Every structure is written in C-alpha cells, then in structure tokens.
Amino acid sequence: MKLGVVGLVLIMLAAAWYFGVFARLGEPRALAQVLVEMGAWGYLAFIITYTVLQPFGVPGSIFIVAAPLIWPWQTAFALSMVGTMSASVVGFSFARFVARDWISARIPTRLRKYDEALERSAFQTVVVLRLILWMPQVLHSFFGVSKVGFWTHFWGSLVGYVPPLLLVSYLGAEMFDASGKMQPAAWPIMTGLLVASLVIAAFARAYERRRLSSSPRELRVVQRG
C-alpha cells in the first residue's frame, strides 16, 4: 500500500509536468488568467493543485501570493487557508503513515531540537512554528514523524496560519505586482510580521517556562498538604 501511494504521488507529479502545470505556476499572471477563465471551477482547481503539489516540493508562497492577485482578499484568504491546511494534512499524513522511517532520518537537526517542546506543550509549539516558518515541506514532515497528535497538529497549524495568510491576502496587491514579484512596500510589512511573530514566540516561551517552573512548587504544596 505504501508503494502504491508513493507511485500515485509520482504519477501526479509527472502528470502536472506533462500538462504544463509547473510552467504556469512560474508565471502568476498566466495562472491568474487560467483560473479566472474557469470561473467557480477555478476555486477547486486552485485548492486541488495546492494540495497535491505543495507537500512534494512546490513552494506554498506561489499560491498564497497568486490568490490575492486573482480574487478579492476575502476569497483569497479563504482559498489560501483551505489549500494550506489541505497541503499540511497531506504532508503530515505522508510522513507519518507512508514514508516515516525514510523521512525521519532526513529531518534537519535544527528542527529536532523542538522534540522536547512538542512533548511538553505540543499545541503551543505547533502554533509558534507555523506562525514563524509557515508551510515548508520539511515542517510538515517533522510534525508527521514527531509524537504530536493529528488533531493537535491540525488545530495548532490552523491558528498559526491565520495571521500571515490574512496579512498576505489583505495586502497582497500592495506587496506584489501582477508578475508576483515583491514590491518595495512589501519589506516593511514582512518585517513587521516577522517582528510580531518573534514577539508572540517569545511570550509563548516565557509562559511555558513560567508554567514549568511553577509546577514543582505546586507539587511540593500538594505533598505537604
């Protein structure tokens, strides 16, 4: 069954290449034209393409940058959230149930240091990592081979994705031109998002340290009682 799933993934990637999907993803203007011409079916095509291709190498930034250039920001945000969550679930599930041993041996050391944090406070750690790193394939894989539960990963990812995807969807037209290239106005916005993410991460870490330091004191009080 695992070999069958791997074979299916390879077939889908080969089909995407054969039908020129990768070429269109490299040209946001052409991609926008195709999706607009498809009407309501363009929504489904966007989500399916995002879900199938992003976990296996295509950057998710291509999709979330293209969305606000095609649709109103509310629609772009909804589609970006659905596509990003679907891709995350596929990447997580592939790592956990199909290629766990192979992927586990290739997780970077810089992510392995979060193993203990996931055991102590899985939900908070998932939120912070998604908020800062967004949706790289290696992060899907890391969560998949870790001990974090599926639903903890799902809801933590959902919460962590909301701020950056909302910002890109709302300000996408100011941050990127029609070809998908970043405009000068994008740098202050991205810097602000990075700073906000780091501040939230610092508060989360401080809260976790305070919670862990208070636990022994509470235990001693209970034992004395």
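The questions and answers below cover surface, packing and ring pairs in a predicted model.

Residues are numbered from 1 along each chain as its sequence is written, and side-chain values use heavy atoms, with hydrogens and water left out. Local features need pLDDT of at least 70 and side-chain atom pairs count only at pLDDT 80 or more, while totals for chains, interfaces and linings use all residues.

Q: Is Met38 buried, partly exposed or exposed?
A: Met38 sits in the loop between helix 3 (28-37) and helix 4 (41-53); helices are DSSP runs of H or I with at least four residues, numbered from the N terminus. Buried means under 20% relative accessible area, exposed over 50%, and partly exposed in between (1.4 Å probe, protein chains only). The relative accessibility of Met38 is 36%, so the residue counts as partly exposed.

Q: Which residues of helix 5 are buried?
A: Helix 5 spans residues 61-70 and is mostly covered. Seven of its ten residues are buried. They are Phe63, Ile64, Val65, Ala66, Ala67, Pro68 and Ile70.

Q: Why does the pair of Tyr50 and Phe63 count as stacked?
A: The structure holds 14 aromatic pairs, where rings of Phe, Tyr and Trp (its six-membered ring) pair if their centres lie within 6.5 Å, and planes under 30 degrees apart count as stacked, over 60 as edge-to-face and the rest as tilted. For Tyr50 and Phe63 the ring centres are 4.5 Å apart, and the pair is stacked because the planes are at 5°.

Q: Which parts does the pair of Tyr50 and Phe63 tie together?
A: Both residues, Tyr50 and Phe63, are buried. The two are 13 residues apart in sequence, and the pair ties together parts in helix 4 and helix 5.

Q: What is the angle between the planes of Phe150 and Phe154?
A: Phe150 and Phe154 both belong to helix 12 (residues 150-175), four residues apart, about one turn of the helix. Phe150 is partly exposed, at 28% relative accessibility. The pair is stacked, with 6.4 Å centre to centre and a plane angle of 25°.

Q: Which residues is Thr84 in contact with, leaving aside its neighbours within four places in sequence?
A: Thr84 is in helix 6 (residues 73-98) and is buried, at 1% relative accessible area. Contact means heavy atoms within 4.5 Å. With neighbours within four places in sequence left aside, the contacts of Thr84 are Tyr50, Ile64, Met135, Tyr161 and Leu165.
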